[in-house]
Amino acid sequence: MTLYLLKRLAVLLASTAVAAVVVFAFMALLPGDPAEIALGVNATPEAVAALRQQFGTDRPPVAQFLDWSGGLLQGDFGTSYVTSSPIGPQIGDRLGVTAVLVLGGMAVALAVAVPLGTYAAVRHRDPLGAAISAVSQVGIAIPAFLAGILLVFVFAVQAQVLPSGGYVPFAEDPGEWLRGLLLPWASLGLVQGAVLTRYVRSAVLDVMREDYLRTARAKGRGSTGALWRHGLRNASVPVVTVLGLQLATLLIGAVVVERVFVIPGLGDLLLNGVAGRDLLLVQGVVMVLVAAVLVINFVVDVAYHLLDPRLR
Amino acid sequence: MSDPVSTLRVEGLTVRAESLELVREVSFTIAPGERVGLIGESGSGKSLTALSLMGLLPEAVTASGTARLGDRDLVGVPENRVKDLRGRDVSMVFQEPMTALNPLMRVGAQVAEVMTLHGTPRHEARERAVAMLERVRLPEPGQVARAYPHQLSGGQRQRVMLAIALANGPGLLICDEPTTALDVTVQKQMLELIAEVAPALLFITHDLAVVASVCERVLVMYGGRVVESGPIREVFTRPRHRYTEGLLAASKLTPRGTRLPTVQGSVPSAGQFPDGCVFRNRCPHATPTCETAPALTGDGHAFACWHPAD
């Protein structure tokens with residue numbers, strides 16, 4: 001297990017390093033010179049050259065990359081060419097908000113999918129079980145932002161029980177913080193929950209046909225007890241894979257949902273960066289998003305090994 | 001622990017799936033310590049007979065009639081009461097050892113589970129699990145208890161299943177083709193072990209040689225009915241029912257170059273058996289008399305046939 005963990009950790013570091021190269025190269029290939037953007041169309045060539053020197057963008061790309069990636073290792077994302085403020089702290093603040101949004105969405109998805117999917121599997125012959133299955137099909141077809149707009153329409157515009165957007169930091173007012181996040185969580189989580197419900201249902205159906213459930217009943221368990229004790233952990237193995245993929249999807253979905261609900265998360269920062277041509281900021285946010293996806297994959301792999309002794 | 005002197009009495013056991021009768025009016029007894037074989041081709045109803053004694057019939061399949069082990073009813077009891085009997089009074093070892101154990105749980109815990117389910121304290125069950133593994137002659141039982149199923153061979157896993165089945169000292173052990181999936185070399189040891197440890201045994205197989213080596217008495221099933229029953233020696237040396245006769249002929253070694261004897265035709269699917277004697281459409285001796293169902297008659301060695309072999 002320790003050896004596996006070390007190996008997997010090495011892979012994580014290597015792929016993050018490769019990702020850094022790719023992100024940097026991609027941004028370097030984009031047309032546009034930060035110095036020219038900063039000074040506008042009327043700048044003199046001398047002024048531009050001076051600013052380039054100040055930014056360090058006159059140096060060869062390899063030197064720039066080493067500078068940037070070296071900074072990343074110390075948590076330094078550089079200083080914005082546009083706002084002249086350090087990028088690291090901004091990303092740090094926003095990352096926390098997005099993480100809360102994504103993890104909350106995942107929690108909603110799990111809270112929906114595990115009970116419904118299990119019920120739909122156990123009662124797959126009943127009308128209600130079949131209905132859950134059919135409704136989850138519809139849920140899959142709805143994108144998160146549409147779900148968000150529908151939820152805003154119902155709960156914020158019609159019923160007026162929840163705010164339609166905005167974000168209050170937890171430290172300021174925990175109650176308002178929660179109220180502001182309920183709809184974003186729901187719009188991310190319900191759609192993912194619908195997808196996940198189908199995976200949970202099929203995983204539980206598969207497990208219900210397994211011989212070891214019959215063995216558990218032969219030991220004296222009822223069918224519910226057998227499924228609870230022996231089935232759910234086995235069913236969770238395929239579900240964890242999907243969960244990892246969904247977390248990555250949620251992260252991307254959060255970018256859009258942050259726009260819909262005016263939440264100052266990473267997605268919002270990214271879109272602001274793009275709009276303001278703040279190349280270094282965009283580069284930093286993309287790097288963080290890519291690294292987050294890699295870390296999620298790492299966690300899923302490790303979770304696999306903890307769940308299934310056959311892989312150890 | 002159950003009463004050591006508990007006889008299994010099955011009377012008029014009938015298993016139905018909606019309107020189809022899959023097992024009809026099966027009656028037999030198994031005395032304490034007795035080892036009884038249940039043989040027949042696939043589709044003869046032998047596994048359903050066993051599963052109905054365990055209360056493990058599939059959904060939409062129901063059993064009627066009576067089956068009593070000592071003073072406890074096994075058939076027609078609601079699930080929440082019959083589940084207390086499973087694994088305590090009656091246990092079962094299944095055909096496929098590779099998939100019968102939970103792959104994510106240590107073997108020792110799976111053996112201990114059957115004891116904690118029926119009231120043994122957890123720490124005591126853990127200790128007794130290792131003792132049970134030793135009793136089914138697994139070398140290094142302590143190590144096996146800490147292993148996961150995939151680390152054991154098929155034969156070892158079937159021994160673990162046997163340890164689970166015997167853990168609560170049941171009055172009856174049911175084995176459904178327990179050695180069919182095992183290597184021939186492992187089969188013999190497994191059979192000897194089962195014969196030695198079983199309190200009272202109902203042994204299901206289609207392998208006549210296996211029945212002959214393990215059991216004292218045999219029930220021959222065809223078309224959901226018991227067509228012949230009696231002591232192994234008598235039934236195998238002097239079969240009376242024409243189906244048993246054909247089955248034995250088909251399993252005998254024949255000289256090189258001669259045609260292998262078979263029972264002609266094939267087993268009809270459920271619900272397609274003829275009225276009267278269920279075997280008459282495949283029987284070379286059938287006459288119009290056979291349109292009436294023959295009763296299972298005879299003391300000791302019984303058979304249900306209008307035209308028995310001599």
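## Basis

The model is predicted: local features need pLDDT of at least 70 and side-chain atom pairs pLDDT 80 or more, while totals for chains, interfaces and linings use all residues. Residues are numbered from 1 along each chain as its sequence is written, and chains are lettered from A and ligands numbered from 1 in the order in which they are written.

## Annotated spans

In an unreviewed entry, UniProt places a signal peptide at residues 1-19 of chain A. That span is 95% helix and 0% strand, with its end C-alpha atoms 26 Å apart.

The UniProt annotation "domain: ABC transmembrane type-1", also unreviewed, covers residues 95-300 of chain A. Here the chain is 83% helix and 0% strand, and the end C-alpha atoms lie 20 Å apart. Helices (H or I, at least four residues) and strands (E, at least two) are DSSP runs, numbered from the N terminus. UniProt annotations may be inferred rather than shown by experiment.

## Helices H11 and H12

In chain A, the axes (lines fitted to C-alpha atoms over the stretch in contact) of H11 (residues 266-275) and H12 (residues 279-307) come within 8 Å and cross at roughly 150°. H11(A) and H12(A) are therefore roughly antiparallel (angles over 145 degrees, on a scale from 0 to 180 between N-to-C directions).

## Contact with chain B

Counting residues whose C-beta atoms, placed from the backbone, lie within 7 Å, 18 residues of chain A touch 26 of chain B. H9(A) gives the most to the chain A side, with six residues.

Notes
Angles under 35 degrees count as roughly parallel, over 145 as roughly antiparallel, 65 to 115 as roughly perpendicular and the rest as oblique. Two residues are in contact if their C-beta atoms, placed from the backbone, lie within 7 Å.
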